[in-house]
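Trainee: I would like a close look at a single part of this model. Please take me through it slowly.

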Amino acid sequence: MVDNSENTNRVSSDDTNAIAHINHVTNGLHNLTNDLYEDLMERDHEKAKAKATNICKLMSELIHSLTDEI
């Protein structure tokens, strides 16, 4: 009997690239939302609006790219 468990546990290069991209996008959004939180807590409304606008732009791009994937 041949043990193929080693081959079935490997992550494809496509999956590795997808995971790296997902991490990049979500880490960037996480950092932006943390910055937005700080701006809101400091009542810096202009910076908060700019951050919120940037977050919305990134989310719109994400939604568009997900739509293209389907």
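How do the residues of the lining of the largest pocket divide into nonpolar, polar and charged?

Mentor: They divide into five nonpolar, three polar and one charged. Here Ala, Val, Leu, Ile, Met, Phe, Trp, Tyr, Cys and Pro count as nonpolar, Asp, Glu, Lys and Arg as charged, and the others, Gly among them, as polar.

First, the ground rules. This is a predicted model, where local features need pLDDT of at least 70, side-chain atom pairs need 80 or more, and totals for chains, interfaces and linings use all residues. Numbering starts from 1 along each chain as its sequence is written, and side-chain values use heavy atoms, without hydrogens or water.

The protein chain has three helices and zero strands. Its pattern along the sequence is α-α-α. Helices (H or I, at least four residues) and strands (E, at least two) are DSSP runs, numbered from the N terminus.

Back to the pocket. Its lining consists of Ala18, His21, Ile22, Val25, Thr26, Leu62, Ser65, Leu66 and Glu69. A pocket is an open set of points on a 1 Å grid over the protein atoms alone, where a 1.4 Å probe fits, with protein on both sides within 12 Å along at least five of seven lines; lining residues have an atom within 4 Å of a point. Two helices, α2 and α3, each supply at least two lining residues. Helix α2 gives the most, with five. The volume of this pocket is about 230 Å³, counted as the space filled by probe spheres set on the points.

Nonpolar side chains tend to be buried together in soluble globular proteins.

Look at Ile55 in α3. It is buried, at 14% relative accessible area. Buried means under 20%, exposed over 50%, and partly exposed in between (1.4 Å probe, protein chains only). Leaving aside neighbours within four places in sequence, Ile55 is in contact with Leu29, Leu32, Thr33 and Leu36. Contact means heavy atoms within 4.5 Å. The C-alpha atoms of Ile55 and His30 are 9.8 Å apart, although these residues sit 25 residues apart along the chain.

Next, Asp39 in helix α2. Asp39 is buried too, with a relative accessible area of 7%. Beyond four places in sequence, Asp39 contacts Asp44, Lys47, Ala48 and Lys51. Across the 70 residues of the protein chain, 10% are buried.

Finish at the loop between α2 and α3, where Arg43 has its place. Arg43 counts as exposed, because its relative accessibility is 66%. Its phi is near 55°, a positive value in a residue other than glycine.
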